[in-house]
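Here are a few exercises to work through with the model open beside you. Try each one before you read its solution.

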Amino acid sequence: MDHPLTNVSPGFSSQLVFETFFVPILEALTASPIDITPGQLLTTGLIGQQFVSFFDRLATICTPHNLRRQVFFKHQSAVARLKTTNTCLWCLIQAPQRTLRCGHSLCEECLDQYYAPGHGVYTYVVDLCLVCGLGAGTLLKVKPPTVMPSLLGFDGGGVRGIVALVLTKRLQDALDVPYALWEFFHSVVGTSVGRVITTQVTLMQQLNKFRWSYCT
Amino acid sequence: MLRFTVLLANLAHSGPQISYATILVLFFVISGNKLVRSLSIVVLAAYLGGRLKRTYLVGLARLFPPRKSVVSDSVLIYRDVMPQCCDFPTIHTMFRCVHVQWLDLDQTETRWTLTDPGRFRSVIDEFPDAEHQWPSVVFFIGKRGKAIALREIYTSNNVSRRQAHGIANLLADVRTHTSDHPILFADCTPGAPCSSLLGTWGACHESRRHAICGNNSHLEDMIAAVHVNLMFPFTHVVCIFADDLGGNRACARYIERLIGRRIRPSVCRTEASPHLLITTSTSHELDDLVQVECHDGFHSVFESFQVLPLDEATAVGTHKLKTTLSHVIDDARQARRERHLLFNALQLAIVFARASEAFSQDPVKPVDLFTSSQHPAQLLSVKYVAHHLQHFLRLSVGRLSWSTIVEHIASALIVQGYPSGVHREVILKLDGPSPY
């Protein structure tokens with residue numbers, strides 16, 4: 001039987017795909033291993049074995065997304081207790097943008113892929129939460145992909161530029177991510193002292209020399 | 001009516017074989033309005049009297065822009081035909097696309113340029129369901145014997161009508177056109193010209209040109225490089241007619257030349273090599289042919305090797321070749337399927353377009369199908385994804401079991417690694433309604 005996944009993009013060998021794309025990610029993840037249960041460490045090899053095992057199931061019975069649903073369905077009672085606004089619990093690869101009534105958050109790509117479109121453009125009917133399966137009963141509008149670029153602007157005002165810097169630092173702390181705030185934006189612009197801040201901060205950030213202590 | 005007059009005037013202008021008098025008389029006959037008839041008579045009389053110049057008719061035509069075009073069977077037909085002096089295509093520039101070359105190779109001074117006329121894509125566009133058809137590509141190399149064999153094997157394709165090409169013509173077997181596994185066959189005639197002989201490109205379809213880097217090779221070496229490093233990874237079976245190349249020894253030299261063009265060792269993570277089938281009618285110097293398999297680089301270029309003794313150009317010989325080809329194609333398809341390298345027609349066209357670009361960057365290295373596929377997971381940021389997985393781990397430790405965490409991460413990665421089934425319509429179609 002031909003691989004059902006070959007309909008749109010080639011279904012290369014699971015070992016090849018895993019080693020090429022996911023081993024670097026998991027090695028970065030397991031650089032500081034987390035002791036989940038005494039004596040059991042999360043390793044790249046374990047996840048790789050499970051990945052290959054899932055791929056073998058894909059070849060005969062289902063699509064990757066349906067498999068993902070099955071895994072969630074299997075452990076739904078336990079997974080439903082997890083709630084976070086930092087990571088989309090469905091795809092696990094990016095931050096969520098929308099939080100449902102049940103408290104679970106999803107990214108807009110998952111909304112686009114799993115929910116039926118509403119009457120309006122970029123509107124989705126979210127009837128049930130993907131994570132817990134509870135009724136959400138809401139209509140969500142997402143930002144169209146053409147709404148670009150994202151800009152960060154710094155105002156002028158001489159010494160009052162320190163206010164913008166402190167607020168930016170607090171925003172960075174609140175995000176609690178290991179990469180710079182600037183990476184969320186396509187362009188950073190400023191006027192007067194804002195221009196100085198923009199130039200200094202972004203340039204020094206690129207040189208890995210920027211420290212927030214310079215600002216405060 | 002006035003528009004129709006303009007159309008007729010334009011036709012008269014653009015088609016010298018149509019006389020103005022004929023058109024005007026025709027118009028006179030079809031028009032029902034008395035006033036228009038009278039006007040037509042005046043115009044006809046004026047024209048015949050030499051008072052109305054042709055340029056006046058052309059000037060009248062310029063006042064009216066053309067209507068939308070319709071495309072039918074590769075021939076552009078404009079409802080309103082504009083004169084040649086305008087930018088719009090005229091009846092002279094509209095012709096049926098007769099290009100069947102897979103690729104073209106041109107030399108300007110010392111540089112080689114590879115022209116991809118999109119033949120692969122245009123062949124596949126004619127498939128009824130390209131996403132669910134898995135074609136096999138067969139590459140024929142030879143001259144007279146090959147031409148006879150192709151005519152007998154692919155009886156519905158009218159192969160002999162096509163101009164011979166030094167790289168290859170690419171055609172789809174009409175009889176397998178609608179099957180799950182259609183056959184594409186490349187027809188290569190060594191020694192034939194490698195650039196388009198049929199007029200300029202661009203009038204009937206788009207073509208992309210790639211300047212080949214670091215190329216000061218001889219034409220035959222460059223053709224061999226295109227065959228070995230670009231086309232063969234997409235080919236399932238290569239069939240060489242030894243008699244057409246001058247006998248078994250000459251055929252052996254030809255194959256060695258092909259192998260020699262893979263100068264840089266293969267670093268492909270997805271090895272895809274064709275099966276080699278050689279047909280010969282003589283047993284002289286057969287050892288030379290067999291010895292080719294012992295060449296160092298043979299198995300980096302070809303998957304397997306088979307010699308098929310055939311009587312020259314007989315019906316029995318052709319039937320034998322056809323049967324053997326059928327078996328070899330089936331074997332090659334099965335081998336590729338087991339290695340997850342059997343692409344559907346759409347993927348094949350997309351990957352080939354990218355591979356031809358990659359080939360031009362490094363013509364002595366075989367193209368890598370995996371790299372050329374531009375997998376969507378290439379866009380994932382290691383740092384970003386690792387951060388979110390780390391966050392998920394921190395959140396779930398103590399709340400989920402160890403095996404559950406592993407399953408969750410692995411299933412999330414599967415979705416990223418095989419995103420083809422992403423669309424909800426596919427889920428509903430293949431797996432029924434959502435469990436929720």
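**Exercise 1.** Which residues have the most contacts inside the largest nonpolar core?

*Solution.* A word on the ground rules: this is a predicted model, where local features need pLDDT of at least 70, side-chain atom pairs count only at pLDDT 80 or more, and totals for chains, interfaces and linings use all residues. Residues are numbered from 1 along each chain as its sequence is written, chains are lettered from A and ligands numbered from 1 in the order in which they are written, and side-chain values use heavy atoms, leaving out hydrogens and water.

Step 1: take the term. A nonpolar core is a set of buried Ala, Val, Leu, Ile, Met, Phe, Trp, Tyr and Cys residues joined through side-chain atoms within 4.5 Å; buried means under 20% relative accessible area, exposed over 50%, and partly exposed in between, with a 1.4 Å probe and protein chains only.

Step 2: read off the residues. The largest core has 125 residues, and Phe22(A), Trp102(B), Leu105(B), Phe120(B) and Phe139(B) have the most contacts inside it.

Step 3: find the main contributor. Helix α1 (residues 14–29) of chain A gives the largest share of this core, nine residues. Helices (H or I, at least four residues) and strands (E, at least two) are DSSP runs, numbered from the N terminus.

Step 4: look elsewhere. A second, separate core has 22 residues, including Ala149(B) and Val328(B).

**Exercise 2.** Work out which residues of α6(A) are buried and how they are arranged.

*Solution.* Step 1: locate the helix. In chain A, α6 covers residues 161–175.

Step 1: list the buried residues, which are Gly161(A), Leu165(A), Thr168(A) and Gln172(A).

Step 2: view them down the axis. They fall within an arc of 65 degrees, so they line one face of α6(A); the arc is that of the directions from the helix axis to the C-beta atoms.

Step 3: recall the geometry. An α-helix has 3.6 residues a turn, so residues three or four places apart point the same way.

Step 4: turn to the face away from the buried side, which carries the exposed Leu167(A), Arg170(A) and Ala174(A).

Note on methods:
The expected span of a helix is 1.5 Å times one less than its number of residues.
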